[in-house]
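Please look over the sequence and the model before reading the points.

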Amino acid sequence: QTFLMNLLQKEGYEVVLANDGATGVQCFQQSLVEGSPFDIVMTDVVMPGLSGLDVLKTIKALNHDTIVVVLTSDANVDTAIEALNSGANNFLHKPPNSEEILNVMWRATKHREIFLENEELNPYTERTIHIEIPSQLRFIKGIAHNIIADAKLMGYDERELRDQIPVTVDEAVTNAIKHGNKFQDEKHVTIDVSINIDRI
């Protein structure tokens, strides 16, 4: 903890340290009350009391925009996948070296800056996506991913997007490829999406 704090403070980050998950959540709740929620939370997975995954889920429920980086000594990929599925923006295997930590923090900081800059412009913005694909089902996942990424920038809740967008895209594009184009590669499918703060 002291190593992390010293490393990050030297790079100009303001650091609040908590010795366990419950204390970390309390600090975060206090930052919300004060109207200045933490931009980034870094949490270990294995801790006494509240686990890092519990902290992650609680933070994301309290303020979905906060970036959460998870530290884990568990080499099991399932832990990382569970963290990412629960809203983690990145994870590091312990013990990470200084360069890895600073790279992850730099990316998290840039992500947060872009989000805040976009947030101010969102009421005046309409994002459009134009995709034209051959009649192949393998492109469907990528189409959904593109829509979700742009909608997140417009302030939409990622959990709701992941519940709704892939199903919608899968049904619409599968119908076009299967029933409309009869799987003929030379026939293309065009997808046009517009996103503003009111609708996709």
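Which residue forms a salt bridge with Arg199? The partner of Arg199 is Glu126, and the closest N and O atoms of the pair are 3.7 Å apart. The model is predicted: local features need pLDDT of at least 70, side-chain atom pairs count only at pLDDT 80 or more, and totals for chains, interfaces and linings use all residues. Residues are numbered from 1 along each chain as its sequence is written, and side-chain values use heavy atoms, with hydrogens and water left out.

**Salt bridges**

- Five salt bridges are counted (a side-chain nitrogen of Lys or Arg within 4 Å of a carboxyl oxygen of Asp or Glu).
- Glu126 forms one of them with Arg199.
- This pair links distant parts of the chain, 73 residues apart: Glu126 is in the loop between α5 and β4 (127-134), and Arg199 is in the segment after β5 (188-195).
- Helices (H or I, at least four residues) and strands (E, at least two) are DSSP runs, numbered from the N terminus.

**Packing of α6 and α7**

- Helix α6 (residues 140-153) packs against helix α7 (residues 158-180) at an angle of about 140 degrees, and their axes are 9 Å apart.
- Axes are lines fitted to C-alpha atoms, for helices over the stretch in contact, and angles run from 0 to 180 degrees between N-to-C directions.
- The contact (heavy atoms within 4.5 Å) involves residues including Ile143, Ile147 and Ala151 of α6 and Leu161, Ile165 and Val169 of α7.
- By class, the residues of this contact are eleven nonpolar, one polar and four charged.
- Ala, Val, Leu, Ile, Met, Phe, Trp, Tyr, Cys and Pro count as nonpolar, Asp, Glu, Lys and Arg as charged, and the others, Gly among them, as polar.

**Pockets**

- On a 1 Å grid over the protein atoms alone, where a 1.4 Å probe fits, a pocket is an open set of points with protein on both sides within 12 Å along at least five of seven lines; lining residues have an atom within 4 Å of a point.
- The largest pocket has 39 lining residues, with Val15, Val16, Ile40, Val41 and Met42 nearest its centre.
- Its lining comprises 25 nonpolar, seven polar and seven charged residues, and α5 gives the most, with six residues.
- The second largest pocket has 33 lining residues, with His64, Gly87, Asn89, Lys152 and Glu158 nearest its centre.
- The lining of the second largest pocket has twelve nonpolar, ten polar and eleven charged residues, and its largest share, seven residues, comes from α5.
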